[in-house]
Amino acid sequence: MSAWLITGGAGFIGSNFVRAVAADAPAPIVVLDALTYSGNLASIAELIEARRIQFVHADIRDPDTLTELFARHDFQRVVHFAAESHVDRSILGPRAFVETNVVGTLNLLAAARDRWQGNFAQRLFLHISTDEVFGTLAATEPPFNESTPYAPNSPYAASKAASDHLVRAWHHTYGFPAIITNCSNNYGPWQFPEKLIPLMILNAIEGRELPVYGDGLQVRDWLHVADHCDALRVVLERGTVGATYCIGGGQQHTNLQVVSSICDLVSERLGQAPRAARRLIRHVEDRPGHDRRYAIDSGKVRRELGWSPRFDLMASLPELVDWYLAHADWVAGIRSGDYLRFYEQQYSHRLRKTS
Ligand code: NAD
Ligand code: TYD
């Protein structure tokens, strides 16, 4: 039976995407996820219970499972989000990034190609990647676009770049029907609190220190996850097979601007003195190899596919702070022993050095 496969659909962007497409997808949806520390069934539990999606607990590192899954379903769309996704974790332990992001993607490409057997009409493999494959920008350089050469700097970025190259080669060599998207930093509900925005929101709410790497003047181009999901839907509907699309929110801010705004919102929501939470900011030892600036030129997806982002970061933060305040149970559930171990390993020595 024909269906869509969404890998990593229990993670941050994947679960937002699953929620967005479940209402009107033209085919049944199968979500595959290994439920690593960042994957959480609670994020899509309602859809599973309502039988709007089918969930498969599986690992893309296991080729046999993928072969069996592709034998059971006639997938017309594969939307591939599953990955190890956090730069700091890739610095602490790069091997898992190669195993999942590179070998896992290879396994998925091989399973799809074996099953599709050259019958590529009406099929599409959408590979979700990152702007980090392009490296870093100086303050005055123009944003990344689809012609920017790859220059990944972190083990995470290198593993994503390798997976992009595999997808590109599958299209070039086998005519495999693939599209790659490279997006900027996402924010929104259901994001695991190891990434900057949810980490800072939760620490500020809990009165914990806010570890800002280095001078905090690094720039990111923030993209609301709902805008990202809209862009992916447009790419699935109208994208050109073999193309790549850069997707960015067009919202460049320094980390300090973002963290300070979060502090002020949390102070206001908790009834503290104005700006009180800013006292929690600590400038800690920088991330090794830290990319200074990312920015995306979304001109191609805007011009060719008619997409444009709707959300403004600063205007969206109040709702996001309220979301994290209202989802304390979800947060408690995902802060497992693994999260606490990672937090200790990543931050305890950095914060000790500043106190
Ligand atoms: P996430 O870490 O929140 O979710 C990743 C999901 O993949 C989790 O549900 C996890 O359980 C699953 N997973 C991990 N290893 C797996 C394996 N071996 N087999 C099956 N499932 C596995 O990540 P995210 O932020 O939702 O990112 C999704 C995709 O978007 C990734 O490919 C990432 O590189 C890319 N991306 C993310 C951002 C961002 O700002 N979050 C920006 C650019 C690109
Ligand atoms: P992050 O959310 O990890 O995304 P990425 O590294 O993929 O851009 O980090 C966003 C920015 O915030 C990045 O410049 C690193 C910085 N940062 C901190 O200053 N402190 C932190 O505790 C974290 C997690 C990130």
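Select α7 (196-206) and β8 (210-213) in this predicted model. Each of these two elements supplies at least two residues of the shell around ligand 2.

**Ligand 2 and its shell**

Next, display ligand 2 together with its surroundings. The shell holds 19 residues, and those that come nearest are Glu132, Arg220, Arg287, His290 and Tyr347. By residue class, the shell around ligand 2 comprises nine nonpolar, five polar and five charged residues.

For Pro211, show the backbone: a polar backbone atom of Pro211 is 2.8 Å from a nitrogen atom of ligand 2. On its own, ligand 2 has 510 Å² of accessible area, of which the protein covers 97%.

**From α7 to α9**

Is the crossing of α7 and α9 left-handed or right-handed? The passage of α7 across α9 is right-handed.

To see the contact itself, show side chains on both helices. On the α7 side, select Leu196, Ile197, Met200, Ile201, Ala204 and Ile205; these meet Asn255, Val258, Val259, Ile262 and Val266 of α9. The contact of α7 with α9 is made up of 10 nonpolar residues and one polar residue, with no charged residue.

**Ligand 1 and its shell**

Select ligand 1 now. How many residues surround ligand 1? There are 30, and the closest are Ile13, Asp33, Ser85, Tyr156 and Lys160. Colour the secondary structure elements that contribute: α1 (12-22), β2 (29-33), β5 (124-130) and α6 (155-174) each supply at least two residues of the shell around ligand 1. The largest share, three residues, comes from β5. The shell around ligand 1 divides by class into 14 nonpolar, 12 polar and four charged residues.

- Gly11: a backbone N or O atom lies 3.0 Å from an oxygen atom of ligand 1.
- Thr36: a backbone N or O atom lies 3.0 Å from an oxygen atom of ligand 1.
- Thr100: a polar side-chain atom lies 3.0 Å from a nitrogen atom of ligand 1.

Of the 830 Å² that ligand 1 exposes when taken alone, the protein buries 97%.

**The pair α3 and α5**

For the last stop, select helix α3 (residues 63-72) and helix α5 (residues 95-116). Two packed helices are described by the angle between their axes and the distance between the axes. For α3 and α5, the angle is about 35° and the axes lie 9 Å apart. The crossing of this pair is right-handed.

Which residues of α3 and α5 meet? Pro63, Leu66, Thr67, Phe70 and Ala71 in α3 face Asn107, Leu108, Ala111, Ala112 and Arg115 in α5 across the contact. The residues of the contact of α3 with α5 are seven nonpolar, two polar and one charged.

Conventions: Residues are numbered from 1 along each chain as its sequence is written. Chains are lettered from A and ligands numbered from 1 in the order in which they are written. This is a predicted model: local features need pLDDT of at least 70, side-chain atom pairs count only at pLDDT 80 or more; totals for chains, interfaces and linings use all residues. Side-chain values use heavy atoms; hydrogens and water are left out. A residue is near a molecule or strand if one of its heavy atoms lies within 4 Å of it. A polar contact is a pair of N or O atoms within 3.5 Å; within protein, one must be able to donate a hydrogen and the other to accept it, and residues adjacent in sequence count only if both atoms are side-chain atoms. Accessible areas come from the Shrake-Rupley method with a 1.4 Å probe; for residues, only the protein chains shown count as cover. Helices (H or I, at least four residues) and strands (E, at least two) are DSSP runs, numbered from the N terminus. Ala, Val, Leu, Ile, Met, Phe, Trp, Tyr, Cys and Pro count as nonpolar, Asp, Glu, Lys and Arg as charged, and the others, Gly among them, as polar. A crossing is left-handed if the near helix is turned anticlockwise from the far one by less than a right angle, and right-handed if clockwise. Contact means heavy atoms within 4.5 Å. Axes are lines fitted to C-alpha atoms, for helices over the stretch in contact, and angles run from 0 to 180 degrees between N-to-C directions.
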